[in-house]
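Please examine the sequence and the structure shown below before reading on.

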Amino acid sequence: MHKKENVYQMALRQFDEAIKYLKLKRGIIEYLRYPKRELTVNFPVKMDDGSVKIFTGYRVHHNVVLGPAKGGIRYHPDVTLEEIRALAMLMTWKCAVVGLPYGGAKGGVICDPKKMSPQELENLTRRYATEITLMMGPESDIPAPDMGTDSQIMAWIMDTYSMHKGYSIPAVVTGKPVSIGGSLGRDEATGRGVMIVAKEACKRLGMPIEGATVVVQGYGKVGAVAAYLLHDAGCRIIAASDTKGCIYNPNGFDPRDVLRHKKETKSVVGYPGADIISNEEFWELPCDILIPAAMEAQITAENGPRIKAKLIVEGANGPTTPDADKILRERGILVVPDILANAGGVTVSYFEWVQSLISFFWDEEEVNKKLKEIMTKSFAEVWTVAKEKEIDMRTAAMVRAIAKVAEALYLRGIYP
Ligand code: NAD
């Protein structure tokens, strides 16, 4: 298992691997390895008991050559500057690989939102938003939800920023509620993107999607949506898991019914149409498509050799360790990497930003159609690079992304 401290080193390792396939000047490589700017803020928050507590937050811009910085804000007790730096870098590549006019950013506050009241969370959010206004803005840096943050928190950030300016500026964040300028289709976007690239990968593998068996780790905003959309596409969803355990039915189950059960009972475990299995059994299930959609470092050197999937589509960020990656490659299992597979979320965030800027809103059908076009085209581009250079899709996605940023950098030149 890689440690959190190593997340940035891991991002750099992936970068160093990819640049072997590109002819870049030394200075450009160095430029791309470092974040452009990093802000650390220590700020006071009034707590419900009348005390004042100091919190630490960060906002990092990795690169803004292609456009304004884009990336989520994470509220978690384990947030570190190094982690935020790594995630900002990955956002640069994610936006570039699907061709969005954005650079990469990430933010975070060291806090435990589960232990804070709504009032404390609002106080923290409004003060943090004020502190990062130095970097944030609809033309410069557009945050979005990440772990521990949601559409309500985006609404508070949008309101805080707008109060300072004196008028409403919805384009300053994405992932907002639809009633204040959010986009239709945003909630399902990441899972929908996973479904689209899974179908594209199946086509390339000559594996019929109809009847393909699917195993999903993590049954949240990404995993559950990917499960029911793949079910709609004709797949058989045979297993799912969450923090409480794993369920399995070789004949398949109705993923929407499982989601209903999870909403009622807080877990997939106990769903009447499936048996409970252990975590070890879960990873060893024979299946066509495996979707890790929970968290980082789940497919490791330990379980990698026992995985029996033909295709892995990474819904989560960083679910496969570099050691496991090597094992899967040697075993001929195709992995569609996170920066491509879960880019549906940031793609519809981009649509939300565009709609907020022009105050003209699209219907859900249009959002989904445009998402499909971008995901299908991006998959095809990465697939072509992988075939031409005879490399895995993760390296190919990085090569494609770095090439796009480097080209923009060459064209713009080094200032002054
Ligand atoms: P979520 O909180 O809605 O769902 C996560 C799910 O994973 C929950 O069902 C949880 O119980 C389960 N889970 C957590 N740890 C687990 C474990 N060890 N074993 C099994 N299940 C476990 O989160 P989400 O938004 O669906 O995000 C999931 C992953 O996708 C994260 O890595 C996130 O960074 C990534 N991602 C999300 C989006 C998005 O738009 N939501 C976009 C890009 C990437």
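Which residues does Thr376 touch, not counting residues up to four places away in sequence? Thr376 touches Ile196 and Glu200, where contact means heavy atoms within 4.5 Å. The structure is a predicted model, in which local features need pLDDT of at least 70 and side-chain atom pairs count only at pLDDT 80 or more, while totals for chains, interfaces and linings use all residues. Residues are numbered from 1 along each chain as its sequence is written, and side-chain values use heavy atoms, with hydrogens and water left out.

Thr376 lies in helix 13, which covers residues 364-389. Helices (H or I, at least four residues) and strands (E, at least two) are DSSP runs, numbered from the N terminus. Thr376 and Val197 are 179 residues apart in sequence, yet their C-alpha atoms are 6.8 Å apart in space. The side chain of Thr376 also reaches the backbone oxygen of Lys372 at 2.5 Å. With a relative accessible area of 24%, Thr376 is partly exposed; the term buried means under 20% relative accessible area, exposed means over 50%, and partly exposed lies in between (1.4 Å probe, protein chains only).

The view may now be widened to the whole chain. The protein chain has 14 helices and 12 strands. Its radius of gyration, taken over C-alpha atoms, is 21 Å, close to the 22 Å that the globule rule gives for 416 residues, so the chain is as compact as a globular protein of that length. The globule rule is 2.2 Å times the number of residues to the power 0.38. The C-alpha atoms fill a box of roughly 55 × 55 × 40 Å, taken along the principal axes. Of the 416 residues, 59% count as buried. Among contacts between residues at least 6 apart in sequence, 68% join residues at least 24 apart.

The side chain of Lys106 makes a polar contact with the side chain of Asp146 at 3.1 Å. A polar contact is a pair of N or O atoms within 3.5 Å; within protein, one must be able to donate a hydrogen and the other to accept it, and residues adjacent in sequence count only if both atoms are side-chain atoms. Not counting residues up to four places away in sequence, Lys106 touches several residues, among them Tyr58, Ile84, Met91 and Asp146.

Helix 7 (residues 223-232) is mostly covered, with eight of its 10 residues buried. The buried residues include Gly223, Val225, Tyr228 and Leu230. What covers the buried residues of helix 7 includes helix 6, strand 6 (213-217), strand 7, helix 8 (255-265) and strand 10 (286-292). Just after helix 7, Gly234 takes a positive phi of about 110 degrees.

The backbone has further points of interest. Most residues other than glycine have a negative phi, and most peptide bonds are trans. Ser359, which is not a glycine, has a positive phi of about 50 degrees. Ser359 is placed in the loop between helix 12 (344-358) and helix 13, and is exposed, with a relative accessible area of 56%. Glu390 also has a positive phi, near 55 degrees. Glu390 lies in the loop between helix 13 and helix 14 and counts as exposed at 73% relative accessibility. A cis peptide bond joins Tyr415 and Pro416, with omega about 5 degrees. Pro416 is in the segment after helix 14 (393-412).

Of the 20 residues around the ligand, Thr190, Tyr219, Lys221, Val222 and Asn317 come nearest; a residue is near a molecule if one of its heavy atoms lies within 4 Å of it. A backbone N or O atom of Val222 lies 2.9 Å from an oxygen atom of the ligand. For Tyr219, a backbone N or O atom lies 3.1 Å from an oxygen atom of the ligand, and for Gly315 the distance from such a backbone atom to a ligand oxygen is 3.4 Å. Taken alone the ligand exposes 830 Å², and the protein buries 75% of that; these areas come from the Shrake-Rupley method with a 1.4 Å probe. The elements that give two or more residues to the shell around the ligand are helix 6 (186-205) and strand 7 (236-242).
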